[in-house]
Amino acid sequence: MQVLEQRLRSQDLARKIVEKIHKLAPLAAKRVGQTPIKIMDFCGTHEYTITHYGIRSLMPPEVELVAGPGCPVCITPAYYVDVAIKLSLEGIRVYTYGDAYKLPGSGRRGHDIRSLEEARAAGGDVVVVYSVLDAVRMARRDRKPSLFLAVGFETTAPATASPVVAGMVPENLKILNVHRLTPPIMRYTFATHRDNPIRGVIAPGHVSTIVGAKAWKFVVEEYGIPTVVAGFEPIDVLLAVLEILRQHIEGRPRLVNEYSRAVKWEGNKRAQKLIDECCEVVDAAWRGIGFVPKSGLAFRDKYRHVDAFHEYGIKELTPEEWKYDLPPGCRCAEVTLGIAKPTDCPLFMKVCTPGTPYGPCMVSSEGACAVWARFGGGG
Ligand code: SF4
């Protein structure tokens, strides 16, 4: 394993791949008829690898690496944060992942408390946990009426589903299920870029461990976009770019699983079954973007007893009621969809910094603005 890791960070190997990328890029751009060739990553950790290792600066002018919707916390609508803040101040204990602790709400629901962190400072009952199982354990022990804010993509949804299906959730704990699905937002993103199309996809590695490489077949079959499921080492990302260019030169888009050491074609069937047993797929809101068809999960009727919407009488968002929910001036929706770079936002590293995040993309370690703030993403 150590030998593999060394190889995946080998500077010699990286140099050779970069040389090949430079050699193939002009021909690939000519074949595609688009310069630069836009390649999008759909995972916050890929964006971290690209920025942390300066991969963007190694690309030839014919290749543009663009960050896509890879941060589940960034796209969680402000409404659910507002709901959690309100309940925490009313005596309901709110369990949250650390990433969502500082996530700003809308700040427009009758109080000026903008995050669960601020709610806690104001006397709200908020506890940061590493997993839903921590919340289950603590709720059992403390017997307080409580709520777990379940955010995340397909990667974390099985962890939420597992104690629900196993009947482990105590009666005093309810779950606010706001999980979101990645293939629908990928389709939405492609449509957003119609005039200047995405020509290559680096498919999300973590999500693919659950949904399987097969989940991205539609990208090739319906959109004709070369797609590579990639790991998170610099060599993984460079190989993905090289493969996409090769496919363009051959004129034969394919789905390639470069991350076969972790991702199977079929994915994790047990995890998929858990999600399916527990949840149904519903139309769902994305922060700053609005409703995306069939992009969210909701508990099936037989699990209503754990559903915070039902048990705490929380009204679910509807397309009619959803309001644009980014703070004034924040360009997170455009950043999320790869239409703008974090540095295009006038607030970047001025009003909005990792220490004082103003918009949601600066909060989570997977948010593009937070990644660019830490490592610089240009190049
Ligand atoms: Fe939003 Fe801050 Fe990013 Fe600007 S820098 S888009 S305000 S998160």
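Predicted model: local features only at pLDDT ≥ 70, side-chain atom pairs only at ≥ 80, totals over all residues.
Two strands pair if DSSP finds at least two bridges between them.

I looked up the strand order and found an open sheet of four strands, β4-β3-β5-β6, with parallel pairing. The edge strands are β4 (126-129) and β6 (173-177), each of which pairs on one side only. On average, neighbouring strands of this sheet are turned by 25 degrees against each other, direction ignored.

I then took β3 (residues 93-97) and β5 (residues 146-150), which pair in the parallel sense over three bridges. For Y95 I found F148 in β5 as the bridge partner.

I checked α8 (residues 132-142) against α9 (residues 157-165): their axes come within 9 Å and cross at roughly 35 degrees. On the α8 side I listed V132, L133 and V136, which meet A159, T160 and P163 in α9. By class, this contact of α8 with α9 has five nonpolar residues, one polar and no charged ones.

Which residues of α10 (residues 182-192) are buried? I noted T182, P184, I185, M186, T189 and F190. What covers these buried residues includes the strands β1 (37-41), β7 (200-203), β10 (279-286) and β11 (290-299), and the helices α11 (205-211) and α12 (217-223).

I listed what surrounds the ligand: C330, R331, C332, C345, L347, F348, C352, Y358, G359, C361, M362 and C369. I sorted this shell by class and got 10 nonpolar residues, one polar and one charged.

Note on methods: Residues numbered from 1 in each chain as written. Heavy atoms only, no water. Near = heavy atom within 4 Å. Nonpolar A, V, L, I, M, F, W, Y, C, P; charged D, E, K, R; others polar. Helix = DSSP H or I, 4+ residues; strand = E, 2+ residues; numbered from the N terminus. Axes fitted to C-alpha atoms, helices over the stretch in contact; angles between N-to-C directions. Buried < 20%, exposed > 50% of the residue type's maximum accessible area, 1.4 Å probe, protein only. Contact = heavy atoms within 4.5 Å.
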